[in-house]
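Here is my note on the model you sent. Please keep the structure open while you read.

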2 protein chains.
Amino acid sequence: MSARSRRASHPKSAITKQRILDAAARAFSLNGYAGTTINDIAMTAGMQGGSIYYYFESKDDILQEVLDVGITRVFSAARLAIGSLPASSAFSEKLEAAVTAHLTMLLQQGDYTSANIRVFEQAPPAVKRQNRKLRAAYGEYWGQLLSEGQRSGEIRKNVDLTILRLMLLGSMNWAVTWYRSDRMPIPELARKFCEVVLKGVGLSDDQPESSSRGRRARS
Amino acid sequence: MSARSRRASHPKSAITKQRILDAAARAFSLNGYAGTTINDIAMTAGMQGGSIYYYFESKDDILQEVLDVGITRVFSAARLAIGSLPASSAFSEKLEAAVTAHLTMLLQQGDYTSANIRVFEQAPPAVKRQNRKLRAAYGEYWGQLLSEGQRSGEIRKNVDLTILRLMLLGSMNWAVTWYRSDRMPIPELARKFCEVVLKGVGLSDDQPESSSRGRRARS
DNA sequence: TAGCGTTCCTAATGATCATTCGAAATTAGC
DNA sequence: GCTAATTTCGAATGATCATTAGGAACGCTA
């Protein structure tokens, strides 16, 4: 019978499949997509290379699942973090919760999430296309969070929320290239991120102009 | 005679070598390192795959040069941008100049710079090691810029400059994954980046605490 | 136009992998 | 313990590439 027809129908099968995906996520996040071989994954999962094909149709198939799980997990983590706050919480509280959740999945727990961030760009078009749907949904979630912050007045009206979102997610995602857990705990990092974004780094003297066009006042 | 002994000693040779590097930079930035073959590069450069080896010892050798040029160019662009400002310029002016230069090299001109950002993580250890030296120097340059801004009082004293630098460069570098030139010109993008970083997105009401420890006041 | 250094071509070579497949081994149901 | 289904093995297969090497074409100089 083909792998497709029976895949993961039995309990042991499901567990082994997880083991393979775990191994793949770790390997992808460490060595990139082209840099990890089916044999690498198989050996970490305790089997021979050929056996992988009992569970997956192709290497791309594994990649797809790892990438999708990666987004699904950060998304869940962010939702959970915000959802477990009192509904009356200030935007700044929610933001910090979401940032902490995202950074945690990216830097501490998630081989899947970090694999996604590191490897997405190297993925074949078809794989990217599918994963982009999940990414878009996650991005929209952040968009709503920021939008809410703007409605409540905690974000100035003239801030471009799209750019803000991309900056925020970008600076977080980039952390995957430099973060070392022995230098600073995640919550502290998250706090600093939020502080920069919310308060800025300059002295807060000048009021924000309400028209969106004019450049900085000429000193 | 070996490629090494005579490489680029003649004028034509130097030009052709440039052509190869240009083709490689573009291909790397589009398809990643493993995703581009020697033949891809050669064809774009108007020659056969084997001929590449008259100019370079290996694919890694090409990668090394592309990566190094990538950093060298943003570095130069940033230095030039800041250097051509009046020496008395405010920190915010310098910052915007540097951000504009960085984003321009990354998103508009530099196949080399964008190749570096996209492909560095996939490079073999030896190549990374060498390029990291240049990256460190560039990072230090930004560190000095920020440090100067803090000394002059335009950045609050209690801001962690290391985190700020990593956030700033991270959000810029990440733009390589989403920026589309038809949506917003670089200078406008740079201005928005700087506005977020300098002023933050929140209403500037609360004074910054001077002790660095305490968390946000409890509402 | 002969000679020499240069640039480039072309056809190997050899290594690395993803993927396949038939058979062996293991497990579960009875 | 027998049988059938499930899981794994292990040895091909074939494709893709980086890299090599010997020779051909090109261009310059005398």
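This is a predicted model: local features need pLDDT of at least 70, side-chain atom pairs count only at pLDDT 80 or more; totals for chains, interfaces and linings use all residues.

The points below take the fold first, then the interface, then the salt bridges.

1. Side-chain atom pairs were counted only at pLDDT 80 or more.

2. Fold of chain A. Chain A has 9 helices and 0 strands. Its pattern along the sequence is α-α-α-α-α-α-α-α-α. Of its 219 residues, 49% count as buried. Among contacts in chain A with a separation of 6 or more, 70% come from residues 24 or more positions apart. The accessible surface of chain A is about 11000 Å², with 52% of it on carbon and sulfur atoms.

3. Extent of the interface. On chain A, 47 residues are in contact with 45 residues of chain B. The two chains bury about 4500 Å² between them. Carbon and sulfur atoms carry 56% of that area.

4. Make-up of the interface. Chain A and chain B share 14 residue pairs in polar contact, both residues being at pLDDT 80 or more. On the chain A side, α5 (91-109), α6 (111-119), α8 (161-174) and α9 (186-199) each supply at least two residues. α9(A) gives the most, with 9 residues. By class, this side of chain A has 19 nonpolar, 11 polar and 17 charged residues.

5. Salt bridges across the chains. The structure holds 14 salt bridges over all chains. Between chain A and chain B the count is 4. In one salt bridge, Glu121(A) pairs with Arg118(B), and the closest N and O atoms are 3.1 Å apart. Glu121(A) lies in the loop between α6 and α7 (125-151) of chain A, and Arg118(B) in helix α6 (residues 111-119) of chain B, so the pair joins two chains. Glu121(A) is partly exposed at 31% relative accessible area. Arg118(B) is also partly exposed, at 30%. Separately, Arg118(A), Glu121(B) and Lys128(B) are linked in a network of salt bridges.

6. Glu65(B) forms a salt bridge with Lys17(B), with the closest N and O atoms 3.5 Å apart. This pair links helix α4 (residues 59-83) to helix α2 (residues 11-31) of chain B, across 48 residues. Glu65(B) is partly exposed at 24% relative accessibility. Lys17(B) counts as buried at 13%, because the cut-off for buried is under 20%.

7. A pair within one helix. What separates Lys192(B) and Glu188(B) in helix α9 (residues 186-199) of chain B? They are 4 residues apart, which means about one helical turn. Their salt bridge has its closest N and O atoms 3.7 Å apart. Lys192(B) is partly exposed at 23% relative accessibility, and Glu188(B) is partly exposed at 28%.

Notes: Residues are numbered from 1 along each chain as its sequence is written. Chains are lettered from A and ligands numbered from 1 in the order in which they are written. Side-chain values use heavy atoms; hydrogens and water are left out. Contact means heavy atoms within 4.5 Å. Buried area is the accessible area (1.4 Å probe) that two parts lose on being put together, summed over both. A salt bridge is a side-chain nitrogen of Lys or Arg within 4 Å of a carboxyl oxygen of Asp or Glu. A polar contact is a pair of N or O atoms within 3.5 Å; within protein, one must be able to donate a hydrogen and the other to accept it, and residues adjacent in sequence count only if both atoms are side-chain atoms. Ala, Val, Leu, Ile, Met, Phe, Trp, Tyr, Cys and Pro count as nonpolar, Asp, Glu, Lys and Arg as charged, and the others, Gly among them, as polar. Buried means under 20% relative accessible area, exposed over 50%, partly exposed in between (1.4 Å probe, protein chains only). Accessible areas come from the Shrake-Rupley method with a 1.4 Å probe; for residues, only the protein chains shown count as cover.
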